[in-house]
Amino acid sequence: MDPDLQAAAQALGVRFRDLSLLRLSLTHSSYVNEHPQDAPVSNERLEYLGDAFLGMVVARRLYLDNPSMSEGDLTEARSAVVRGETLCEAAIELGLGEHLLLGQGEEQTGGRSKPNNLACAMEALIGAVYLDQGHEAAEAFVVRVLEAHIGSAGAREVGQDPKSLLQVAAQARGLGAPSYNVLAMTGPGHDRTYTVEVVVAGEALAQGSGRRKVDAERLAAAAALEQVKALEAGGNREPMAAKEEGPASP
């Protein structure tokens, strides 16, 4: 059964000029398969548009709100916001699952609470708002529904990421931005270990090992933080090695 689109729009906090766009954003492919005359297309094209717009909006917001973040840190923060898990959380907060148009089989298998369905519907909804109301309104919608996630991603990267802390410490002492070199990659593709060294002002300060290159870089940066002051004073230290403890984060 179709949801009451006016009620859905009110629940989502969006006033659509063209409610057919809202309906399309809520239409899962399983509904199209079972009701081809009623709904000839699903929300997948809107999902594509919403994904592209979402990435741009989040990137812009992170860039403006976090002037000290490096390109790499901005990229990681953006990925944390636009990933499926985050979009699913935002969709749950909006109650988006209640308004999805699903086929009977998808309905019976818990389709309204499936993370992928919710994340995809969130992207499609963003695309629908963009087409219906334009860039400014769609950006405001994205910021509203993801504001907490954008803020926490930026704070996490700036406040806790050792790469950001090392860069700030090194540049404050006139040493320039750190660089990272992969020294070794060991193990099979599904269980690889990276060993990375961090170089500041031409000096290899520390090494780190992890199952992802970014994890190895962070461990190297954490080990190097204590060496920056010594390097500034002209001291020479052997590279310190750090290894990640426990399994890498996905």
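Predicted model: local features only at pLDDT ≥ 70, side-chain atom pairs only at ≥ 80, totals over all residues.

User: Nice. Which residues touch the most other members of the largest nonpolar core?

Analyst: Those are F16, L22 and L146, in a core of 45 residues.

User: And which elements give two or more residues to this core?

Analyst: The contributors are α1 (5–12), α2 (19–25), α4 (44–65), α5 (71–82), α6 (84–94), α8 (115–133) and α9 (135–160). The largest share comes from α8, with 9 residues. There is also another core lying apart from it, made of 12 residues, including L175, A220, A221 and A224.

User: Back to α8, then. How do the axes of α4 and α8 cross?

Analyst: They cross at roughly 80° and come within 7 Å of each other. With that angle, α4 is roughly perpendicular to α8, because angles of 65 to 115 degrees fall in that class.

User: Which residues meet there?

Analyst: From α4 you have L46, E47, L49, G50, D51, F53 and L54. On the α8 side they meet C120, E123, A124, I126, G127, A128, Y130 and L131. Sorted by class, the residues of this contact are 10 nonpolar, 2 polar and 3 charged.

User: I spot F53 and Y130 in that list. What kind of aromatic pair do they form?

Analyst: A tilted one: the ring centres are 4.8 Å apart and the planes make an angle of 35°. The structure holds 1 aromatic pair, so this pair, with F53 in helix α4 and Y130 in helix α8, ties together parts that are 77 residues apart in sequence.

User: Is F53 buried or exposed? And what about Y130?

Analyst: F53 is buried, with a relative accessible area of 6%. Y130 is partly exposed, at 29%.

User: Okay, what about α6 and α8? At what angle do their axes cross?

Analyst: Roughly 80°, and the axes come within 8 Å. These two helices, α6 and α8, are therefore roughly perpendicular to each other.

User: Which residues make that contact?

Analyst: In α6 they are G84, L87, C88, A90, A91, I92 and L94, and they meet P115, L118, A119, M122 and E123 in α8. By class, the contact has 10 nonpolar, 1 polar and 1 charged residues.

User: Changing topic: which residues of helix α10 are buried?

Analyst: In α10, which covers residues 162–172, the buried ones are P162, K163, S164, L166, Q167, A169 and A170. After α10 comes G174, which has a positive phi near 70°.

User: Where is A201, and what is its phi?

Analyst: A201 is found in the loop between β2 (193–200) and β3 (203–210). Its phi is near 55°, a positive value in a residue other than glycine. For background, most residues other than glycine have a negative phi.

User: Good to know! Last one, zooming out: how many helices and strands are there, and what share of the residues is buried?

Analyst: The protein chain has 12 helices and 4 strands, and 46% of its 250 residues are buried. Among contacts with a separation of 6 or more, 57% are between residues 24 or more positions apart.

Terms used
Residues numbered from 1 in each chain as written. Heavy atoms only, no water. Core = buried A, V, L, I, M, F, W, Y, C linked by side-chain atoms within 4.5 Å. Buried < 20%, exposed > 50% of the residue type's maximum accessible area, 1.4 Å probe, protein only. Axes fitted to C-alpha atoms, helices over the stretch in contact; angles between N-to-C directions. Parallel < 35°, antiparallel > 145°, perpendicular 65-115°, else oblique. Contact = heavy atoms within 4.5 Å. Nonpolar A, V, L, I, M, F, W, Y, C, P; charged D, E, K, R; others polar. Phe/Tyr/Trp six-rings, centres within 6.5 Å; stacked < 30°, edge-to-face > 60°.
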